Amino acid sequence: MLKILKNFTDSPTSGGIILFICVLISLAIANSPLGDAFENILNTPLGFETASVHLRYTTALWINDGLMAIFFLLVGLEIKRELVSGELSTPRQALLPILCAFGGAIVPAGIYFAVNQGTETVSGWGIPMATDIAFALAVIAMLGKRVPASLKIFLAALAIVDDLIAILVIAIFYSAELHTIYLGYAVAILVLLFIFNRLGVRSLAFYLIPGLFIWYFVHHSGIHATIAGVLTAMTIPLATKGGQEPPLLKLEHTLTTPVNFLIVPLFALANTAIRFEEGMLEGLISPLGIGIIVGLMLGKPVGVYLMTKLAILLRIGSMPQGASWPQIIGVGLLAGIGFTMSIFIALLSFSDNLLIAEAKFSILIASLFSGLAGYILLSRVATPPNDNEKDVG
């Protein structure tokens, strides 16, 4: 039994499977007699508050601002590892996924903005920019050897850069009014963590405990609290010393399972509890719905494809080894699985519950069809032989 459980948790598809199940459970609960009770649980205040310490928030906010900070910590660790020693560590390796990530963010945002310009929903332009790493990688992993390994690495690097873009967008455009005193406290602690890094301090306690204070001060500064996870991750050492596992890799390995099997599923449970009401389907053809669906399903693959073409035309990048142009389009479609990040930005974009529900529903529809289209295309396109590989860098 334990071996079966371990094999499941080690599978690259298991995180996506759990996430999909949680989405179905959340939708079922929201549209059942348990819906009101579940909503009450999400709105229940937890924590404590004094004259100087404010830590009393609803269950939903603890999930979205607290637990998701741990998710962003893991994303930050992955970004730093890729920048230092992975697929983003050299200009030649990094340029194509970076360009494709920007193309896959700018084109969908442009489509959304064009459709929603002059409406109350224009502030949601960041929603179709994001890619859900867990879902996208789970889908491509299910294809096995039908796609080259280089294409999976390309999608992972693209999704990581995409997350970095989304993080910057959240920090710059979706944060409240800045409170410079709290921000100053957070910056001071962050500088201290970088000093620890330079001094060779390797104990994770010296980074994670101050990281909690960074979260608190960032939360009260007006910048979204989850950014604290990324900032803390950037300070954690990756260098090997005395044959020991680097602290960054140790923490990344520790966080992967709870994030994939607890935190992200909890986020899905809490944020996809959409009640299907009269007029919901009409929301799919509103400017909000069209902007999200067309942005994710069309804007993503178009942006990825055009940037790949541009990189090869300018001779500043090369195709992933063994990949074909239809497979690049397939990867672009999988990048249209927005889900976690898209829902997260939707929550920051609107205060109207109806708009939030319509945005979530549109994200679910777009992510579902993007994933299906990407899977079908990639499963039917044969990998070309090695002598057809392109390398024009």
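Predicted model: local features only at pLDDT ≥ 70, side-chain atom pairs only at ≥ 80, totals over all residues.
Reader: Why is the contact between aspartate 36 and arginine 275 called a salt bridge?

Author: The closest N and O atoms of aspartate 36 and arginine 275 are 2.3 Å apart. A salt bridge requires such atoms within 4 Å, so the pair qualifies. The pair links distant parts of the chain, with aspartate 36 in helix H3 and arginine 275 in the loop between helix H11 and helix H12, 239 residues apart.

Reader: Why is glutamate 82 called buried?

Author: Glutamate 82 has 12% relative accessibility, and buried means under 20%, so the term applies. The side chain of glutamate 82 meets that of arginine 81 in a salt bridge of 3.0 Å, N to O. Arginine 81, at 22%, counts as partly exposed, because that class lies between under 20% and over 50%.

Reader: Why does arginine 315 count as exposed?

Author: Its relative accessibility is 56%, and exposed means over 50%; therefore arginine 315 counts as exposed. Arginine 315 is in the loop between helix H13 and helix H14.

Reader: What is the phi of arginine 315?

Author: Arginine 315 has a positive phi of about 60 degrees although it is not a glycine. Most residues other than glycine have a negative phi.

Methods:
Residues numbered from 1 in each chain as written. Heavy atoms only, no water. Helix = DSSP H or I, 4+ residues; strand = E, 2+ residues; numbered from the N terminus. Buried < 20%, exposed > 50% of the residue type's maximum accessible area, 1.4 Å probe, protein only.
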